[in-house]
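Please look through the structure below.

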Amino acid sequence: MDSDLSPQDKKDLDKFIKFFALKTVQVIVQARLGEKICTRSSSSPTGSDWFNLAIKDIPEVTHEAKKALAGQLPGIGRSMCVEISLKTSEGDSMELETWCLEMNEKCDKDIKVSYTVYNRLSVLLKSLLAITRVTPAYKLSRKQGHDYVILYRIYFGEVQLSGLGEGFQTVRVGVVGTPVGTVTLSCAYRTNLAFMSNRQFERSAPIMGIIVDHFVDPPCSSQRPANMGQPCNYRAPDEEDGGPFAGVQDSQEVCTTSFSTSPPSQLYTSRLSYQPPALAGAADLCHPAANPNQALHAGKEGGVVLVPAHPPHGTDAHLTVEHAPNTPGSSGDDDGLSQSGEGRRDEGRRSVSPSDPVESLNAFTRKVGAFVNKPSTQITAASLDLPFAAFAPRGLDSEENDPMVQPPDSPPCPSPLQASLHSQGSEGSGQQDDFVMVDFRPAFSKDDLLPMDLGTFYREFQNPPQLASLSLHISSQSMADDLDSLPEKLAVYEKNIDEFDAFVDMLQ
Amino acid sequence: MNCRSEVLEVTVEARQVEEAMLALLHTILLHRSTGKFHYKKEGTYSIGTVGTLDIDCDFIDFTFVRVSSEELDRVIRKAVSEFKDALNNSGSDGMGQISLEFYQKKKSRWPFSDECIPWEVWSIKVNVVNLANEQERQICREKVGEKLGEKVINVVEVINRHEYLPKMPTQSEVDNVFDTSLKDVQPYLYKITYQITDSLGTSVSTTMRRLIKDTLAL
């Protein structure tokens, strides 16, 4: 099957599909962040804008995608899926849509890999940009914040659509034929949002954004579905922190940026007459070069070599991109984002290069939302954070996890994203992911430009520190005292029983 | 080659006309624009990068994506605004059609002027309604938003059939295929025309042909 495809073409095709998959995930997740996306056009090509589209790369998302792919490519029977789900503040969750990147067996042998396939993949990405704003989950994701958040989960393998409920609809974004199969991108989305809308509007918005969970059973870790996802959010690590994302730069391969035109050769002319019009455009010998500095020699069919990007080149290209004022760089590192908590968010923003204030503000700078990411053990403990929990039947956790003894942090601990990502490794299953937070946007607050005082205010008051009187020592102490003093009090009351009776009669 | 022709129909309120047209025209142009070509020696060229921008509509529950190019946006807005004014001035019925045509230029010998050969035409038929009260308007907001979503899906479906596209031109031919006048992006050569249907339903009572781009006067 592959005998018709030259090794160079095969290599290019694999690279295109790999980066197409990564960019697809970026587009989908970014479309569900709840913000408007804005990227700049640039007339001078940089080496790192795959498919000639300015799509930012959120490092965490790339990391998750690569983790799910685990070195494989989408192939026949192996689809890459991005599942978007919604989780309410009460802990209910619901799958909203599943985006599937699949490959089927229908091959298009005659198509030019390095030109036609590349351009068609670019058009498909543009279509994805348009369609992600059209499905119902987009509107939901724009309104996320206090009542619910939007999560994503990437998995590889068989497509699972059972969580979408009955009557889900499918929309096909597009297909691109390649010599090894046809790439198909589609979305299956839930239409039955009924339970969602009831819930959403029953709760009135709390004034201070405090979660009312006094009488709700704490969700035990066993109740968490096995496939919870990542929130549509990220927090970029500090520059110094090699972190889990050090590898991103190295893998930032230079994408094809240079094409060539030349008169069709004899061979291609004769093939033209047999080809359907769709491939007429492919008749040109257009062979991209990986590096714009390397000119191609056109006019020789098949004589052009696609130079693969070496990591040094890739890194160089990436670094130059970082300094270019027009392109903020395809990874979030460039924006100098802060990594934690509300207080540092402002610093992060201010440290962004002033030449791109708009991008920096639109860049994914923050966020800590209402439901902060904590490692799973801490979540269990924190949910026992009830008043009078000392009197509630316990036996679930040992004392060291008891929040009465050790109150959970408030505000949320710095870089819970990293904490969660590190803890994921220890969990083993790649699907048992923790949550990172989604942008928290309180009502009536202004968009973007200034540090969100209102948001900070909400957040601080959502997690007030424990009341001292509720801590175990004091409560148990006072109870003991109370019990001791009870007999004396009873004696006094009995003595004055007549007075009490008279008082009661007076009231009646 | 045959010119591909697609028709989209929408029914909107008067104040939604502009945004609905912008949404559809920009969606089509997003797919039909590339980055700027930079030709180098020996027939090679590199392509610039196209950025995108989300635009929320004010009168419709809808968000669309357009190319990040202020120049292009200005041109499209101007055309849509003229169409909207023509619709308003035409009469009570409010039916009209705006067409986005992609074409290629073919050089002819003197004294014949260059031919413009269309290869894809998108016609958007608009039907303007008047609504009586605020509740109906609110429903209309959502409904038109959904309809536009369906239209975007239609557009994407057509484009992803990957039917005829002009071949990539050499440097000397690039102006016959692409509109190279913009600084940051390069759409295929296009023109926008519109016509207003009068109240009798007969077409072309007023046909105004406006060449928005600096193509040759025919």
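An angle between two axes is called roughly parallel when under 35 degrees, roughly antiparallel when over 145, roughly perpendicular from 65 to 115, and oblique for the rest. The axes are lines fitted to C-alpha atoms, for helices over the stretch in contact, and the angles run from 0 to 180 degrees between N-to-C directions. Helices are DSSP runs (H or I, at least four residues), numbered from the N terminus.

This is a predicted model, in which local features need pLDDT of at least 70, side-chain atom pairs count only at pLDDT 80 or more, and totals for chains, interfaces and linings use all residues. Residues are numbered from 1 along each chain as its sequence is written, chains are lettered from A in the order in which they are written, and side-chain values use heavy atoms, with hydrogens and water left out.

Start inside chain B. Helix α3 (residues 134-159) of chain B and α1(B) have axes that come within 10 Å and cross at roughly 20°. The two helices, α1(B) and α3(B), are therefore roughly parallel to each other. Their crossing is right-handed, meaning that the near helix is turned clockwise from the far one by less than a right angle. On the α1(B) side, B:A20, B:A23, B:L24, B:T27, B:I28 and B:H31 meet B:L148, B:K151, B:V152, B:V155, B:V156 and B:I159 of α3(B); contact means heavy atoms within 4.5 Å. By class, this contact of α1(B) with α3(B) has nine nonpolar, two polar and one charged residues. Here Ala, Val, Leu, Ile, Met, Phe, Trp, Tyr, Cys and Pro count as nonpolar, Asp, Glu, Lys and Arg as charged, and the others, Gly among them, as polar.

Chain A has a helix pair of its own. Helix α1 (residues 7-31) of chain A packs against helix α2 (residues 59-69) of chain A at about 130°, with the axes 10 Å apart. That angle makes α1(A) oblique to α2(A). Among the residues in this contact are A:L22 and A:V25 of α1(A) and A:V61 and A:A65 of α2(A).

Next, consider a helix pair that joins the chains. Helix α3 (residues 113-131) of chain A and helix α1 (residues 17-31) of chain B pack at about 155°, their axes 9 Å apart. That makes α3(A) roughly antiparallel to α1(B). A:V123, A:K126, A:S127 and A:A130 of α3(A) make the contact with B:T27, B:L30 and B:H31 of α1(B). The residues there divide into three nonpolar, three polar and one charged.

How much area do chain B and chain A bury between them? The value is about 3,900 Å², 55% of it on carbon and sulfur atoms; buried area is the accessible area (1.4 Å probe) that two parts lose on being put together, summed over both. The contact takes 44 residues from chain B and 50 residues from chain A.

Finally, consider confidence. The mean pLDDT (the predictor's confidence in each residue, from 0 to 100) of chain A is 64, and 47% of its residues reach 70 or more. Chain B averages 86, with 89% of the residues scoring at least 70. For the complex, the predictor gives an ipTM of 0.89 and a pTM of 0.60.
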